[in-house]
Amino acid sequence: MIGSSSVAVLTGDIVDSSGLERVAEQPVSVLLDNAGNRVDQGFQNRVHGTIDVFRGDSWQMVVNEPAIAIRVGIYFRALLRANYGIDSRISIGFGGVDFLPLKNISTGTGEAFTLSGQGLEACLKPTRMNLSFPPGTQNLVGKGLIVITQLLDLQLRRWTQGQSQAVAGALLNLTQAEIAANWQPEPISQQAVSQHLENAGWTQIKNSLLYLERTIPAVLA
């Protein structure tokens, strides 16, 4: 696929992966594939193709709607934290693409891929989530979006596995009752879900995401 319309490329790697060989008695690459498949199910045609996992603990995916890229990234991290107790750095690059395959996403080329890769290299401690906009769009508003995303990242890193599972459902706009009924390993009360969301700071996170999703298209226009 070749085109110039903007997409978001998400590139990431697992935090401290060298010590995670024993997680769930499965390779980290399998855990990434599992979480990536959940993202595909949750966001369907708004995510292009399937997650591409490489070098064991690195991954890449493409979001067709740049506005929701941060939501997708947070959802992916919430799944990893909820199900496996692990976390990932994520760099989101916005821009056009020259080549965009359905499989082996990491072979894609173009501005969004370049910015995403460069952003991950610059995503050093303590930051685990980074945004990179094309030259000419890096104005004061764009810089503000980066700061908001870094604050979301700071909050996210404090989530327990229960809070992560609750927020993962909320990111898909599930009701608290639906989250409770689908809770793993077994259903919990709606009140327990509400408490998890409150402790995770979900109201503030939701408001921040709504602002980001309204503003990103304007920055890229």
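**Entry 1: threonine 160**

I looked up threonine 160 and found it in the loop between α4 (140-156) and α5. Helices (H or I, at least four residues) and strands (E, at least two) are DSSP runs, numbered from the N terminus. The model is predicted: local features need pLDDT of at least 70, side-chain atom pairs count only at pLDDT 80 or more, and totals for chains, interfaces and linings use all residues. Residues are numbered from 1 along each chain as its sequence is written, and side-chain values use heavy atoms, with hydrogens and water left out.

Threonine 160 has 40% relative accessibility, so I list it as partly exposed. My cut-offs are under 20% relative accessible area for buried, over 50% for exposed, and partly exposed in between (1.4 Å probe, protein chains only).

**Entry 2: α5 against α7**

Two packed helices are described by the angle between their axes and the distance between the axes. For α5 (residues 161-171) and α7 (residues 190-200) I noted axes that come within 8 Å and cross at roughly 95°. That makes α5 roughly perpendicular to α7. The axes are lines fitted to C-alpha atoms, for helices over the stretch in contact, with angles from 0 to 180 degrees between N-to-C directions. Angles under 35 degrees count as roughly parallel, over 145 as roughly antiparallel, 65 to 115 as roughly perpendicular and the rest as oblique.

Contact here means heavy atoms within 4.5 Å. On the α5 side I listed Gly162, Gln163, Ala166, Val167 and Ala170, which meet Val193, His196, Leu197, Asn199 and Ala200 of α7. Sorted by class, this contact has six nonpolar, four polar and no charged residues. The classes are Ala, Val, Leu, Ile, Met, Phe, Trp, Tyr, Cys and Pro as nonpolar, Asp, Glu, Lys and Arg as charged, and the others, Gly among them, as polar.

**Entry 3: glycine 201 and α8**

I found glycine 201 in the loop between α7 and α8. Glycine 201 is buried, at 11% relative accessible area. Its C-alpha is 9.3 Å from that of tryptophan 159, 42 residues away along the chain.

α8 (residues 202-220) has 19 residues and reaches 27 Å from first C-alpha to last, close to the expected 27 Å at 1.5 Å a residue. The expected span is 1.5 Å times one less than the number of residues. Among the buried residues of α8 I noted Trp202, Ile205, Leu209 and Glu213.

α1 has 16 residues and reaches 23 Å, close to the 22 Å expected. Its buried residues include Val28, Leu31, Asp40 and Phe43. Glutamine 44 follows α1 and has a positive phi, near 50°.

I counted three aromatic pairs. Rings of Phe, Tyr and Trp (its six-membered ring) pair if their centres lie within 6.5 Å; planes under 30 degrees apart count as stacked, over 60 as edge-to-face and the rest as tilted. Phenylalanine 43 is in α1 (residues 28-43) and tyrosine 75 in α2 (residues 69-84), 32 residues apart. Phenylalanine 43 is buried at 4%, and tyrosine 75 is buried at 3%.

The rings of tryptophan 59 and phenylalanine 76 have centres 4.4 Å apart and planes at 45°, so that pair is tilted. Tryptophan 59 lies in β3 (residues 58-63) and phenylalanine 76 in α2, so the pair ties together parts 17 residues apart in sequence. Tryptophan 59 is buried at 0%, and phenylalanine 76 is buried at 0%.
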